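Open the model in your viewer and keep the selection panel at hand.

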Amino acid sequence: MKRINLKLIVFTILLSVLVTFCTSKKNEENSSFTLEQEFINEHNSENSLDWHGVYEGLLPCADCEGIKTLITLNEDNTFTILEIYLKQQKEYISEHSGMIEWDKTGSIINLKSEEEKRMYFVGENQLFHLDVNGEKIKGALEDMYILKKVD
């Protein structure tokens, strides 16, 4: 009878130690995940990059040689887009302005004007033109959808 009680006591102690160890390990993992999430949420293009300034590039065009594009992003969250359509020895100029809206990740901007809405991923000294679904454009022309910051 004493042997059974001793085995039961030892088993109970080992089980308690094991449960305590596993619970504390799980709490450590959860707290580190939370810290990582907070770090991700705190550091983004909006608050970590020098994003305001002038960006330029030559975007592809279906019925012209290209669209020379200048985007000015201002610190007060306003923007101006100047586009020059290069078509058969002529230039057609278009200009839009409006407010910059940042998405919840702080890495994508929506440039909304009265005429249209465009989305760009904000990188280090460059803007990546996004498609209508907010995805980076892939394929043979993807490098042409990047606007570089002008010094």
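Select Q89. It sits in the loop between β3 and β4. This is a predicted model. Look at the backbone first: phi of Q89 is near 65 degrees, a positive value in a residue other than glycine. Most residues other than glycine have a negative phi. Now show the surface. Is Q89 buried or exposed? Q89 is exposed, because its relative accessibility is 85% and the cut-off for exposed is over 50%.

Next, select Q88. This residue belongs to the loop between β3 (78–87) and β4 (90–102). Q88 also has a positive phi, near 45 degrees, and is likewise not a glycine. With a relative accessible area of 62%, Q88 counts as exposed.

Which residues line the largest pocket? Select these:

- E116, K117, R118 and M119, which are among the lining residues
- H129, L130, D131 and V132, also part of the lining
- I137 and Y145, which complete the lining

Colour the lining by residue class. Five of the lining residues are nonpolar, four are charged and one is polar.

For the last stop, select residues 117–123. This is strand β6. How many residues does β6 give to the lining of the largest pocket? It gives three, the most of any contributor. Keep β6 and the pocket on screen together to finish the tour.

Key
Residues numbered from 1 in each chain as written. Predicted model: local features only at pLDDT ≥ 70, side-chain atom pairs only at ≥ 80, totals over all residues. Heavy atoms only, no water. 1 Å grid on protein atoms, 1.4 Å probe; cavity = no way out; pocket = protein on both sides within 12 Å on 5 of 7 lines; lining within 4 Å. Helix = DSSP H or I, 4+ residues; strand = E, 2+ residues; numbered from the N terminus. Nonpolar A, V, L, I, M, F, W, Y, C, P; charged D, E, K, R; others polar. Buried < 20%, exposed > 50% of the residue type's maximum accessible area, 1.4 Å probe, protein only.
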